[in-house]
Amino acid sequence: MRQRWLAVAASAALMVSVTAGCGRDDSGGGETAKAVEEGKATGEITVWAMGTEGEKLGEFAKAFTAENPEAKVNVTAVPWDSAQQKISSAIAAGQTPDVSMIGTTMQGEFAKTGALDPTPADLFQKDAFFPGAWDTTVVDDTPYGIPWYVETRGIFYRTDLARKAGFPDGPTTWEDLTAFAKALQDKAGAKWGISLQPGKTGSWQSILPFGWSNGASIEADGKWTFDTPQMAEALTYYQSFFKDKLSPADLPQGALEPAFVKGEIGAFMSGPWHVGILNEQGAKGKFAVAPMPTKQSSTSFIGGSNLAVFKDAKNRDAAWKFLAWLSKPDVQVKWYQAVSDLPAVQSAWDDPALSADPMLKVFGTQLESAKAPPSFPTWTQLAATFDVEAEKVCVAGADPAAALKAVQSQAESIGTGS
Amino acid sequence: MTRDRVAKLSLYAILVAGLLVVVGPFLWMLLSSFKTEAEIRSVPPTWWPSTWSLGNYRDLFDRLDFPQYFANSAIVAVLVTLGNLLFCSLLGYALAKLDFPGRKALFLVVLGMLMVPGMVTFVPQFVLVSNMGLANSYAGLVLPFLAGPFGVFLMRQFLLAVPDDLIEAARVDGAGEWRIFWRVVLPLCKPALATLGILTFLSSWNNFLWPLVVATTDDKYTLPVALALYAIGQNRIYYGLLLAGAVVVVLPVLIVFLALQRHFMRGIATTGLK
């Protein structure tokens, strides 16, 4: 609660500095990037990175300084928990580092402050990255920063139970998924066929993929469009799992994995990090991952993190060179081997370290078409509204179309922020 | 006789139940910090670790530069506490016992500051501190917290109860204002000072957002910030690491509290504040 207030205060401060015009150029689109000088990187590069990335990047960057002996990379680890507050306060006070890791969903808000440097086109090729990941860096048609690593969502399921249920290869379509969850309960003895997130924080990451798979888009011509028949159909479908008692609506935090290991929950929707958690909990070899079920398409959510350079960077050119190094395919593979972050650069996936793993293959294929919400500055604010409405739909059985109308009217009053 | 016993027994039953509610989570934190990650997450949860493991602590001390963060936390908390004890008692004394023009207005300002939530001033305060060139320094971590309206208010309320005659007597004996404050007033304030000290120490020790934002390199992080670094990931929480960290952070506070407990209780009883 406290932190949410602070985030609001910090964003408000940013908004004020933007609207007051002291937030540098706020021209609204079409900013052009300066070129980066040729040659090796020199000088000190300060980098903020969150979590494991912050812990391991300093050591990893030694290979970069070996190639660029006159450069030095100083990494400061930042807790994920409050990275948003830290970065927005730093922007407000002009205390930014050269480079920072930025969660994909925060990108719009930060780019809009005018504090991020546009990506120099001579150094990075858009096509090298997964398209959904690249799109998260683009605000008002200008890319600010580059995708660093990605993640996406699929359907985790117990292979033994799936065999008993008559779906040895998992579900492939929407009809399948419902039948699959039913059969897991009726034939394979699971208490719950599948566990889907019943609204609450971050549930949009589970729900929007169903909308996208049904041809919905929450943005058209620079406007929010939550209130479409396609999205309503997707949300109704999502709700059916709770109505038909196929998914629990009140699973306590941390209860999912043990229940999955015991076979009480037959399947759930999540991202690559769950492979590690399940292996730790003793489910190794007992589960597999299926891509998002198809309606019109099989479209998942793409998340992960970007890297951005600040306009106030003391060592801008070296910073961009460091980012160029981090997005080389072979470096991306090595980074995956160091911290298990999935490469944002597509060609890195041809390396046997990734292509030989069947579960990664599913995520890899899914990433090619995976989408992210538009990087409008107001997205994080709207996501919270969406999650609240989604909870009403999943837990209290509210009408999906009415919930989407509520999100849409909120979206229209908040606007896109661009 | 038996009625007394029943009353006593039921009183104890209520007290024990209350104690369990209060101590239970701490006990679980302590015991679980010795469990493996899988056991912490197991449903139904266990009380006693099935196998005792120091893995979480080893992980914590291996991955974090503990002495550095601990020293940062201690330096900041001690300086902030000393500052509050000195400045708040000085101002509290002036507001309670000295007669000067604008005293009422000054007191109203202090009260007004009590009503302003910290979140409102957070960003401006950070901008101010960094404009002064104090970002990423101990001064930046300590200065904004050296005195606070709450402490001033607490000291003033306590000092109001000190009889004027005592101060008058000292004045008649020829003591200067400074000497009166130092030799007569402060020794009387021990319970209030202990209360203020422990509350300030606690809030400084637990302060998370300010050090997180002010420290731009991790060698200036304090313990709570450092613990959040690796225990909370983008998509998952490492409960073992978090619990072991919580135990380590709580211990010093517990020691300070036990040392000052006697005064603390008296302070709360006499000022009616907490």
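Start by selecting Asp317(A) and Arg316(A): the two form a salt bridge, and their closest N and O atoms lie 3.0 Å apart. Arg316(A) counts as buried, because its relative accessibility is 13% and the cut-off for buried is under 20%. Keep in mind as you click along that this is a predicted model.

**Stop 1: helix H13 of chain A**

Next, show Lys321(A) together with Glu37(A). Their side chains meet in a salt bridge, with 3.7 Å from N to O. The pair links distant parts of the chain: Lys321(A) sits in helix H13 (residues 316-326), while Glu37(A) is in the loop between helix H1 (2-19) and strand S1 (43-50), 284 residues away. Which of the two counts as buried? Lys321(A) does, because its relative accessibility is 12%. Glu37(A), with a relative accessible area of 48%, is partly exposed.

**Stop 2: helix H9 of chain B**

Now move to chain B and select residues 164-172, which make up helix H9. Within this helix, display the side chains of Glu168(B) and Arg171(B). They form a salt bridge, the closest N and O atoms being 3.4 Å apart. Why are they about one helical turn apart? Because Glu168(B) and Arg171(B) are 3 residues apart in the helix.

From here, select Glu55(A), Asp59(B) and Arg63(B). Salt bridges with shared partners join these residues into one network, and its members come from chain A and chain B.

**Stop 3: an open sheet in chain A**

Switch to a cartoon view and look for strands S10, S7 and S11 of chain A. These 3 strands form an open sheet in the order S10-S7-S11, with antiparallel pairing. Which strands are at the edges? Strand S10 (267-270) and strand S11 (287-290) are, each pairing on one side only. On average, neighbouring strands here are turned by 30° against each other, direction ignored.

Zoom in on strand S7 (residues 154-158), which pairs with S11(A) in the antiparallel sense over 4 bridges. For one residue-level detail, pick Ile155(A): its bridge partner in S11(A) is Ala290(A).

**Stop 4: the cysteines**

Colour the cysteines next. How many disulfides does the structure hold? Over all chains, there are 0. Select Cys88(B), which is in no disulfide; the nearest cysteine sulfur belongs to Cys189(B) and is 12 Å away. Cys88(B) counts as buried, because its relative accessibility is 0%. Then jump to chain A for Cys394(A), which is also buried, with a relative accessible area of 5%.

**Stop 5: a nonpolar patch on chain B**

Finish with a surface view of chain B. Select Leu19(B), Val21(B), Val22(B), Val23(B), Phe26(B), Leu27(B), Trp47(B), Trp48(B) and Trp52(B), which together make a nonpolar surface patch of about 1000 Å². Where does Trp47(B) lie? This residue is in the loop between helix H2 (37-40) and helix H3 (55-63) of chain B. Is Trp47(B) buried or partly exposed? It counts as partly exposed, because its relative accessibility is 47%.

Methods: Residues numbered from 1 in each chain as written. Chains lettered and ligands numbered in written order. Predicted model: local features only at pLDDT ≥ 70, side-chain atom pairs only at ≥ 80, totals over all residues. Heavy atoms only, no water. Patch = residues over 30% accessible without salt bridge, like charges linked within 9 Å, V, L, I, M, F, W, Y side chains within 5 Å. Areas by Shrake-Rupley, 256 points an atom, 1.4 Å probe, with all protein chains shown as cover. Salt bridge = Lys/Arg side-chain N within 4 Å of Asp/Glu carboxyl O. Helix = DSSP H or I, 4+ residues; strand = E, 2+ residues; numbered from the N terminus. Buried < 20%, exposed > 50% of the residue type's maximum accessible area, 1.4 Å probe, protein only. Pairing = 2+ DSSP bridges. Axes fitted to C-alpha atoms, helices over the stretch in contact; angles between N-to-C directions. Disulfide = S-S within 2.5 Å.
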